[in-house]
Amino acid sequence: MRWGLHPRGPGAAAVAAARNLWMLPRLRCHPGWRGTTRRLLVRSVTGASNQLQSSNNSRYRDTVLLPQTSFPMKLLGRQQPDTELEIQQKCAFSELYSWQRERKVKTEFCLHDGPPYANGDPHVGHTLNKILKDIANRYHMMRGSKIHFVPGWDCHGLPIEIKVLSELGGKAQNLSAVEIREKARSFAEAAIKKQRSAFIRWGIMADWNNCYYTFDGKYEAKQLRIFYQMYEKGLIYRSYKPVFWSPSSRTALAEAELEYNPEHVSRSIYVKFPLLKPSPKLVSLLDGSSPVSFLIWTTQPWTIPANQAVCYMPDAKYAVVKCSKSGELYILAADKVTPVASALETTFEVISTFSGVDLENGTCAHPLIPDKASPLLPANHVTMTKGTGLVHTAPAHGMEDYSVASQHNLPTDCLVDEDGVFTDVAGPELQNKAVLEEGTDVVIKMLQYSKHLLKEEKLVHSYPYDWRTKKPVVIRASKQWFVNITDIKATAKELLKKVKFIPGSALNAMVETLDRRPYWCISRQRVWGVPIPVFHHKTKDEFLINSQTTEHIIKLVEQHGSDVWWTLPPEQLLPEEVLSQVGGPDALEYVPGQDILDIWFDSGTSWSYVLPGTDQRADLYLEGKDQLGGWFQSSLLTSVATRKKAPFKTVVVHGFTLGEKGEKMSKSLGNVIDPDVVINGGQDQKKEPPYGADVLRWWVAESNVFTEVTISPSVLNAARDDISKLRNTLRFLLGNVAGFNPETDSVPVNSMYVVDQYMLHLLQGLANKITDAYKQYDFGKVVRLLRAFYTRELSNFYFSIIKDRLYCERAGDPKRRSCQTVLAEILDVVVRSFAPLLPHLAEEVFQHMPYTEEPQSVFRTGWIRTSSIWKKPGLEEAIESTCAMRDSFLGSIPGKNAAEYKVILVIEPGLLFEIIEMLQAEETSSTSQLNELMMASQTTLLSQEPRSVTTDVIERKGTFLINLEGGDIREESSYKVIVVPTTKEKCPRCWKYTAEAPDALCPRCMEVNLNFGKDNRLRVLTFSVPSDEYDDLEPIPPPKQGHPPPVAAA
């Protein structure tokens, strides 16, 4: 008779309503419940089933159903990389891309591969980028889309040409353009071969026999067609402008080809520009008796000879000051009086102030060129952040300076040649002197001699360097080809608003880089690249390009490659109808131009060659953050210029790879990590063990790739440990579904144990969250979700609960089949969840599936499949409340074996009691679902305290809040946990304290033992390892309160 079973709390009607809500018959196996979701906090527990595998008692060993699988728990040494290679071969990794392209599916996912540069060995930057792309592709393929992914390489440009020439040394001086191009091509092809081999080894899915290369003739022809379309629209033009110029490379550079050295040291100077002709306002402020000078500050003294003006800010306040040291009068911004006086180690007395606009129409004297006047001009680029508020302006050596010169018709004479040295126009004192070295020194001495130099000091600041030679650049005016960004910038920015950026901040960063770009210089003075298809007149400053000449060249390049520009005589590069108009073959007035196209224009037109269909828009561009001003931008500009649309729908931007402490990787620091060494190990494999490719892939996936990504031996070790834990979980799952056939042995969800139904509920939630994370390209979240699930919900909770059912029930018992059904579903969902991240491990697991006759490829069988009937939030109330009481139980016996105690749960009548009662129909049971969760010798469920208890009991009290139907049903119930040492004996078969006498079997095991052998499906299941493996296992120690120990997965 149950003590005190009288409805209280919400009343009998409420209890009945709640029971109807859950639709729970009073059965041990029942339908699920509906309710609100609350986070389950579980602790691992120890019990008889945990100790089972360490039993030395051999009498009943053959009746215990231990796991069986040949799936290894660990792959040691060379086993990991060797197994991956075997998996790639066995599972036809090389054929997967072609297979999925042949499928008849409704959707296509296009990821456009930004071409890596073909100038060196594969590095961890490649690893990060390619694996991120592969994860995205594999996910979308498993979701049912046909993947369009064509790997490519950026094959032209200065970096390759410089490497080739540096390797040749002095011999390079005698090489022709054709010979340089041949050697550059060979160099690029060798680099491509190495990189392709590495990408394949990393498991990157693609058709590696059909890639795109920017040195391919057909690709070059497409590029030239885009060039002419933009030229025809007036978006490409030739002009004399200041551009970034690399003296070390002897070519113009684009912004994206620069890197900034924050430790560059410049010789900054304060210089006097004597007032020559004051403006009317200045006349009224000055007495005319004392000379007055304008103060300017510059970090580039070598540009002073090219000065054409001094600029001011019209709206700012300026001051006439008197220097306490020299007594001279100076003019500078009023806000800069104090800091400039401090820098000059003097004090200034302010004589008068005036507005910048009052300087209009004034002039000052050039400090180095007698009788040359420099006008005072208003300009928007003048700031008060540094300097004096007055800016020395040399139009040939500054973009803003050039803009001022254009507005006021100033000369833009350049005094510096391609080698970065002063020309003869600069005068005999400066001629042939390098502007950044001796030339700067001579200019400063000239200013000293002319008594215009007030101070020189060294300044450490950020300065642009050539990205390949690592040497400083200058700005110098020269005739170049430009893209007119101004005319397309507004459209480009508007189109970017319709593009999804991940992270969202990348959109603003890209817009900012676009805004900072006044124009795009696309010509380079080198030979390894695609020629600009223009012919220059031999004697006049004229050039020839039209649709006829361009189309003729495009056909030649398409058939023979761009080498024709250098190998064919000029007359063959022109169509006959044009040739006759320009002097004929014998008196040709034009010669082919010597400029090639910027490699960002090369790669920026890849969308026109690679992207499929008439729309030619990729679903995804995925590259490093440096491409916001590089490939992303050049692709956008060429696409907007020719067809007014962006070439991408989504842009994902990742960070750079750094060393463990966040430092840049370099050989000098000794922190460079070679992906090949990570996979195959180094010379000393104790220090550099072989991790395999999946460890690299896990490192990529788990990293927060939207910031900088660190890699080091400790990071790789952690990734390997994570995968080892995952393997352990997978081995448990595989071993315990041996002998199980999902088609014939599965148990319907509503007939399962509650904890089994609960795990399916969690599994569906996991699947939905993982799918959402993949959709957002948040692969780190996928890893976090998986890791939490297989360590907390599986190893630390569910596996501990069900081991007794798995090992000690009959093979075909519905209770055992119930959890096997769940294990099979968990195995399938978990493997599909990590398959895009760890393709080798996923395929290895599928090779060991015990219930498939022929192993299938996980990638050819689709994405995660769950059922809506798995979702039962109300189950959380049952499991969470039971675990809360179990925590009280375990906390009362720290360090002891829970199976040696029996538990009495006293719960006041109400919703909580009704819920817990569904887990145990009997008042007292050692085999109920409730006792399985409590993992005690037996559990008694009461609604009132027992009339008598022994003196050695332990009591714990608590409350639990029931919250159902979004809070419509809420009730807090009190409970008491009474813990009593069991009087039962330990069963020699299951090790639970449920036997009536020493060495006697418990009733459950007695029944199983009597029927052993009668069930034709009952088999002894063992791992494919020596049976004494289990004899050596130590019993798992009981958990400490608040610190649950990890439970081994097998």
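Contact here means heavy atoms within 4.5 Å. I keep that beside me for the whole notebook.

**Ground rules.** I am working from a predicted model, where local features need pLDDT of at least 70 and side-chain atom pairs count only at pLDDT 80 or more, while totals for chains, interfaces and linings use all residues. I number residues from 1 along each chain as its sequence is written, and my side-chain values use heavy atoms, with hydrogens and water left out. My helices (H or I, at least four residues) and strands (E, at least two) are DSSP runs, numbered from the N terminus.

**Entry 1, a helix pair.** I looked up helix 28 (residues 814-834) and helix 29 (residues 839-847). Their axes come within 8 Å and cross at roughly 150°. I take axes as lines fitted to C-alpha atoms, for helices over the stretch in contact, with angles from 0 to 180 degrees between N-to-C directions. Angles under 35 degrees count as roughly parallel, over 145 as roughly antiparallel, 65 to 115 as roughly perpendicular and the rest as oblique. Helix 28 and helix 29 are therefore roughly antiparallel. From helix 28, L827, D828, V831, R832 and F834 meet L841, A842, V845 and F846 of helix 29. I sorted the residues of this contact into 7 nonpolar, no polar and 2 charged. For that sorting, Ala, Val, Leu, Ile, Met, Phe, Trp, Tyr, Cys and Pro count as nonpolar, Asp, Glu, Lys and Arg as charged, and the others, Gly among them, as polar.

**Entry 2, strand 10.** Which strands pair with strand 10 (residues 317-323)? I found strand 12 (residues 348-355), antiparallel over 7 bridges, and strand 11 (residues 329-333), antiparallel with 5 bridges. Two strands pair if DSSP finds at least two bridges between them. Strand 10 and strand 11 form a hairpin with 5 residues between them, and G327 in the turn has a positive phi of about 75°. I count 5 of the 7 residues of strand 10 as buried (buried is under 20% relative accessible area, exposed over 50%, partly exposed in between, with a 1.4 Å probe and protein chains only).

I traced 5 strands in the order 30-31-29-33-32, with mixed pairing. Strand 30 (924-925) and strand 32 (954-964) are the edges, each pairing on one side only. Helix 30 (residues 875-892) packs on this sheet, touching strand 29 (901-907), strand 32 and strand 33 (969-981), and its direction makes about 165° with that of strand 32.

H461 is 197 residues away in sequence, yet the C-alpha to C-alpha distance to H264 is 5.6 Å. Beyond its neighbours within four places in sequence, H264 is in contact with L459, V460, H461, Y463, Y465 and P472.

I found a cis peptide bond joining I502 and P503, with omega about -5°. P503 sits in the loop between strand 18 (500-502) and helix 14 (505-515). Y777 is not a glycine, but has a positive phi of about 60°. Y777 is buried, at 8% relative accessible area, in the loop between helix 26 (754-775) and helix 27 (779-808). D999, also not a glycine, has a positive phi of about 65°. D999 counts as exposed at 55% relative accessibility, in the loop between strand 33 and helix 33 (1003-1010).
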